[in-house]
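Open the model in your viewer and keep the selection tool at hand. The tour goes from one local feature to the contact between two chains.

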Amino acid sequence: MTVASDQVRQATGRFGEFGGRYVPEALMSALIELEQAWQEARSDAAFGTRLDGLLADVVGRPTPLYLAERFSERAGCRVLLKREDLAHTGAHKINNTLGQVLLATRMGKRRIIAETGAGQHGVATATAAAFFGLPCVVYMGAVDMARQQLNVVRMRMLGAEVVGVEAGSATLKDAINEALRDWVTNVEDTHYVIGSVVGPHPYPALVGDLQAIIGTEARAQVLELEGGLPDEVVACVGGGSNAIGLFRGFYDDDVRLIGVEAAGEGLDKRHGASITAGTQGVLHGALSLVLQDDEGLITHPHSISAGLDYPGVGPEHAWLASTGRAIYESATDEEAVKAFRVLAATEGIVPALEPAHALAHVLRDGAGKGLVLVGLSGRGDKDVAAVAESLAL
Amino acid sequence: MTKLLDHLLSLRAEGRKLLVPYLMAGVPQRDSYGPALVACSEDADAVEVGLPYSDPLMDGPVIASAGERAIRDGIGPIEALELTAGLGGSAPLIAMTYYNPIYRVGERAFCARASRAGVTGLIVPDLPLEESAGIRNAAREHGLAWITLVAPTSPPHRVEAIAKTATGFVYAVSTLGVTGARDELSAVASKVVARCRDATDLPVLVGLGVSNPEQAGAAASVADGVVIGSAVVKLVLERGAEGAASFLAEVRGALDALQG
């Protein structure tokens, strides 16, 4: 389903009033070039065939859809898991990075940069850059480097240079600022692989298009497995790429779409819930919902999950929330850690802390909800140390 | 015609090269910012005042950390405007701010507050032509000049469209990158200036990477003047208002030496 992306592309780079292109003039030509290149590529059959081949052979798609029977008993509803944790490199991020780096080679770019929060997008970008033989620099907040050490080592082993960012809150938001500064400086030969459905147009549409395969597959799989559509589709939302990928498969169906944000220490304390508790503002090149103070300063978010520790959200989500097509809930650090343990104990799957927020919502509110499809966006090896620390194991 | 443009045009008509230093509002400290502003106005034709912001993605380390310092002292972008009111020295003030604080308080309300604070022009580095119609209208209503940025990557047709919207001056970004001193003034600068000249009769000032009197002289030999940011902010922090003012006097000398 590409209703939203086509709508945005034909208009002004906006989803409803959200989105746009709030960037320095130096980047405008590159964004216009990227928009045109993507329009050409996505209607080029040869590009599509190449990308499909990579998704099958490198990523291992389609990823399974799996009925989590023992977890379902705990939740009080039938829970299907879309297993993006089984994609190569352990998360859905690779769907986007392979597509974008393939596009970059088509555009003649010779250098790849990226930001990363949890490190999953950094690893996926480093993997794609290695696959295509391009040099890669990944910007990562110093706080995130400390809590996702495993992924830092993985990126370096894949040949990427990992640059720590000390500014601001030293997390994902600041890593994006630093990547944008690099891009402003090296825009002529460099492609910036943004990792979520955020940033200036065309990034939110482009990343959403590349992640839409999650929802396309899941819809076909659930029809085959269950003979009908789910009642609810649930996914975690930081920037929101796995949720958009999954949701897009169901936009035109009579299915409830639920995004779960990070409530961190609680919505009255530090958190990352930009839709639930934010206001309209401009961050990283797009008008969306952000966490900010009265003067428009972006505030420091918090989540135990580095991937959800972000004070903004993709404009497509802000639009889905404003139209009511999707509903946004939140789960705290504590609830996420509990759900993490429940999935491990009931299904033998160690999830990433990001989708553990979606699982937490289902454990809390799932009773009697019928058939619930959850986006299991990544695996949790990277989070084992953080969970152990939080539980004092 | 805006007040700022009128002022700059009459100086240019006298053969004077324009000097616009940049200061971060609230730096070095709340009470020493005013004296720094007055001292730096002495040899300036306008002063650009940066409003502190949490996510300054066009700024290099010097200006970004100066902004962080102001924010740590409790000075946000709107507070910075209030702080600036009544402080101005002899030169007109231009506010440089990222867009979100403007969006947050509203374009009209922001322009009203800026105007009340004595600001005569606006630079918003993350608001390209396509997104700027609203703020340009609001600025016009409040008599504020709109200053546009042209980059080395701006093709001629964009330069033309951008220059058409300018009502203060055109800021020719001399190099790809963020703010900060450079060892050499980029050769790209004269190409960017030439593109601006083809598109407009408004004053064209070179900025980004201009950090000493020699570079200022070189830039002003092709353009109408220069904007100097990081070098001034660094001096204000390290050597105070007097250090920055004596540096600007040297730059003034280099610019005046060009006077025909």
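**A hairpin, then an interface**

Select A:Leu283 first: across from this residue, in S12(A), stands A:Ala286. This is a predicted model, so read each stop as a feature of a prediction.

Now widen the selection to both strands. S11 covers residues 279–283 of chain A, and S12 covers residues 286–290 of chain A. The two run antiparallel and are joined by 5 bridges. Together S11(A) and S12(A) make a hairpin, with 2 residues between them. Stop in the turn at A:His284, where phi is positive, about 50 degrees.

Next, show chain A and chain B together. How much area do chain B and chain A bury between them? The value is about 2900 Å², with 54% of it on carbon and sulfur atoms. Select the contact residues: 34 residues come from chain A and 38 residues from chain B.

Zoom in on A:Asp294 and B:Arg104. They form a salt bridge, with the closest N and O atoms 3.8 Å apart. Between chain B and chain A the count is 4 salt bridges. Polar contacts link 21 residue pairs between these chains, counting pairs with both residues at pLDDT 80 or more.

Now color the side of chain B that touches chain A. Helices H3 (61–72), H4 (77–84), H5 (99–105) and H8 (156–165), along with strand S6 (148–150), each supply at least two residues. H5(B) gives the largest share, 6 residues. Finish by coloring this side of chain B by residue class: 23 nonpolar, 6 polar and 9 charged.

Methods: Residues numbered from 1 in each chain as written. Chains lettered and ligands numbered in written order. Predicted model: local features only at pLDDT ≥ 70, side-chain atom pairs only at ≥ 80, totals over all residues. Heavy atoms only, no water. Contact = heavy atoms within 4.5 Å. Buried area = accessible area lost by both parts, 1.4 Å probe. Salt bridge = Lys/Arg side-chain N within 4 Å of Asp/Glu carboxyl O. Polar contact = N/O pair within 3.5 Å; in protein donor to acceptor, adjacent residues only side chain to side chain. Helix = DSSP H or I, 4+ residues; strand = E, 2+ residues; numbered from the N terminus. Nonpolar A, V, L, I, M, F, W, Y, C, P; charged D, E, K, R; others polar. Pairing = 2+ DSSP bridges.
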